[in-house]
Amino acid sequence: MKTTLHNIGYILLVLICLLLACNGPERTSEEGTLSIPEATDGVNVNRPNILFIICDDLRPDALGCYGSRHVRTPHIDALARGGVRFANAFCTTSLCSPSRASILTGLYAHRHGVRDNFTELPAALPHWPGRLREQGYTTAYIGKWHMGEDNDEPRPGFDWFVTHKGQGKYFDTEWNVNGRRREAPKGYYTHVVTDYALHWLKTRKQDRPWALCLGHKAPHSFYFPEEKYAHAFDDVRVPYPDTAFALDGKPDWIRQRLRTWHGIYGPLFEWRKDFPDDRPEAVKDFENMVHAYWGTVLSVDDSIGRLVAHLRDSGQLENTIIVFMGDNGLLEGEHGMVDKRTMHEPSIRIPLIVRGPGHPADKVVAKQVLTVDIAPTLCSISAARRRSSMCRAGPGRNWSAGATPLGAPRGSTSTTTRSSSPTRRTSAASARMIGSTSTIRPAMAHPTSTCPSSTILLKILKNVTTWRPIRSSRSHVGCWRRNSTPCSPRPAWMVQTIRCRSTKASRPNCPMRRFGSASTKERPHYRRDEAMRTITHEFLGTIAVLLAVQATSAVEPVAAAQGPRPNIVYFLVDDLGYADVGFMGSTDVRTPTLDRLAKEGAVLRSFYVQPVCSPTRASLLTGRYVIHTGVYNVVRPGAPWGLPLAERTLPQALREAGYTTAICGKWHLGEFQPEYMPTRRGFDHQYGHMFGALDYFTQIRDGKHDWYRDDKPLKEEGYTTHLIAREACRLIREQPADKPLFLYVPFNGVHSPYQVPPEYRKTFPHLGGNRQTMAAMLLVVDEAIGRIIAALEEKGLRENTLIIFSSDNGGPAPEKVSRNTPLRAGKGTIYEGGVRACAFATWPGRIPAGTNVDEPMHAVDWYPTLLKLAGASLEQKLPLDGLDIWPTLTRGATSPHDAILLAGMAPSSMAIRMGDWKLLLNAGRTSLVTDPVLAKVELYNLADDIGESKNLADVQPGRAQEMRTRLEAFLKDAVPPGIKDSTTKAPARKTGGQRKGAKKQ
Ligand SMILES: [Ca+2]
Ligand SMILES: [Ca+2]
């Protein structure tokens, strides 16, 4: 992946990356982050194009990359993976028009004057697209403008202007094209606006850099998804959020809202016909409303896909900065409210993704940024590309005097103006552009305010410098928000919301009331916003990095092995369905611990395993496909075979590297001779069982007691999942401080037989049969993992522990016991439902929290990845199939595989995945088809058809043949199955049991 780097660019980039990685305001030095644009000034690089996409009322958690469990947004996720995702972006006014005005001008609402949805943006106010146009850019605005309700005429500052009146409609909106003609093309808004944008991109004059603003209507109310997405979420249950009922101690006005059109018992944007309705079953209307909201987001994702594809196809992608964001947040039942307008967290939190030129960056910035930061940032990008910096010349002249809207009057900038270096000058200029200082002063200057929260604010401001004001459209409502603690793996956000609503008479004394009325006498407080500058500087710096890499290419990441070697804990759950955990969307099971851990790391959405138990374990522990280990099928009780002794195992390699290695749970790779047992295969400690499907209480499998410690039979009382957790905790407690730990915890839960202590089953009265029991068994597993995590925390190991979780195969008996939605089929098959497992990986500070990884990877990949992290040797006799997935996990690199083998339970049943495509031979056939001519061939495009429903083998015979050739290349050196049936040959250590049926594995 390495390509030639320009030395200077490379050195600068490394310096910048190191500085950013420090992640603290103190260390995010202005010199470092801001020097890049200046330093590249002299480089003859074209100025980047800017594609700015704004959505309306988009909650971050309605996007996959921000952790949505239900809404799949692959194109937006890809944008985030290829760029920077801001985890803590906020609007300064939670209402459409004021927020848009702030985004365009860099001003708070009290300064630009657009305080409601009916006010025109003053024509005299400069905005960033207009500034870019002055600097030689071609500019266009296409889509929802929404400042000035009845005006759809062109606004100043744009070469091309296509909009409509007010909110527009989801279907058949009437558009005004450049003030020259009105037209109402049939169709769905999101696609029509994309058509307009693409048309402009394709027909504009090619002589200048361009800036295109695309304003989506979606996902604004009233929510109407297009036909194909109308039922995309029918299966997802959406309860009222907990905070909807936590209203004690909150102001009366919040309670009073419940039954209004802003409350959860109200009409819900016409999704409830008879209202108010506070009956529990009326939650169905709320659910339908949320489904529709999500449905509109799916079309936006399609739009992003089209735009990015055009940029890529036309060769412009690598010279275009793409900014994707929302204008304000949305309350979806929180505090009993729907709509926005308040300063509660969901109402002000917005998504913000920036993909700059160059290679995938996969950076998640935790620092707080605001809508008012957009304008100065984008202005400085264009300015930094030219010697005649508009940051210093042009309007900058007026900013220092506080008269120009792009910058509020600044306070003391002496710390950044002392130096005469170009860097310092840029710092000062940037600081001048950020309108925030004056908004702090009033609150501090009026400690005697009658607003009840003003004293709280005063205390806050005395102690910290990183609070930033965020205000609503109403001048008397606002909040202050503090940035996270630097370098904290779990940012401890603090939010203080105030609302001065009492009487008109008291409002003049509210600190928020006087945001804009500061007098110059309050200047001593100016320096309070020092930290704010560093926050915005990080925003600038991050984009600067993106620009700096434009002329370079992929840079190898700093190897994780250079840091401390992690402890490694692998939780393998048996037979757990792809969709049977909360973090994958299940609403009828309970997995709070897993959900929390998943959120703290990366969810692996395309993690492949084998269709049954033993083969997955063999691949995981050797880094080799089953066609090389020979473990195609399950090692049954009494079977005279196991994982071949020639294989080097993961615990063996880690032990060589100094790790303590332990297995607590199910081995399942042979025990017929002592040398096949875990303590002879690399584990220092063994605890648990050798086969699957043992009795959870008696530990009997096929008439034989199957429970061991250090490979010696053991009698223990208890439920196996509890016993496994107890032993794992003991090993963690006893782990020597000077050695890293590899703890492999393959639970027998939630494999059959379906058994659980009865009290757990009571948690799931809404379920029945084996699904109820399975859910209860899973809850025990979740609890067990919680106990093991707690033991790590008590020992002080949590921070430096890589936690990996996955199922070993797809869920059995789909829709009866397990759920693999939206995947086809389940355990035992090579359809996605059999071989794609729910999975995540978490390591605080090393794997970005809240990420989704869609790139395909396989269980074989953990072997080389973990060995590298552990500093263990990868030299061995047997070649590996696994590849290092660390760059994919941590920085959004694409999958290291051009093809992944998905092997069935016999050499004749195989599949291969290449990119979005998957080819299957003899899937779902139980009898072996040895004649290749008779093989059943299936071809699917998983990007369009994740459910594998449309076989395209006949439609695309060329692709099918190409993939089959690749598959056959894999199979050239396939070994025959190692399986030896226990009934055909008496084992040396006969264990007394016979196979009772194929289902027991
Ligand atoms: Ca909005
Ligand atoms: Ca299994």
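Asp574 and Cys613 are both buried, where buried means under 20% relative accessible area with a 1.4 Å probe, protein chains only. Welcome to a predicted model, in which local features need pLDDT of at least 70, side-chain atom pairs count only at pLDDT 80 or more, and totals for chains, interfaces and linings use all residues. Residues are numbered from 1 along each chain, chains are lettered from A and ligands numbered from 1 in written order, and side-chain values use heavy atoms, without hydrogens and water.

**Calcium ion (ligand 2)**
- Asp574 (OD), Asp575 (OD), Cys613 (SG), Asp808 (OD), Asp808 (OD) and Asn809 (OD1) coordinate this ion at 2.2 to 2.7 Å; donors are N, O and S atoms within 2.8 Å of the metal, or 3.2 Å for Na, K and Ca.
- Asp574 sits in the loop between strand S16 (567-573) and helix H18 (592-599) and Cys613 in helix H19 (residues 613-622), so the pair ties together parts 39 residues apart in sequence; helices are DSSP runs (H or I) of at least four residues and strands (E) of at least two.
- The donor spacing reads D-D-x37-C-x194-D-N.

**Calcium ion (ligand 1)**
- Here the donors are Asp56 (OD), Asp57 (OD), Cys96 (SG), Asp327 (OD), Asp327 (OD) and Asn328 (OD1), at 2.1 to 2.7 Å.
- Asp56, in the loop between strands S1 (49-55) and helix H3 (74-81), and Asp327, in the loop between strand S8 (320-326) and strand S9 (331-332), are 271 residues apart.
- Asp56 and Asp327 are buried.
- Along the chain, the spacing is D-D-x38-C-x230-D-N.

Methods
Buried means under 20% relative accessible area, exposed over 50%, partly exposed in between (1.4 Å probe, protein chains only).
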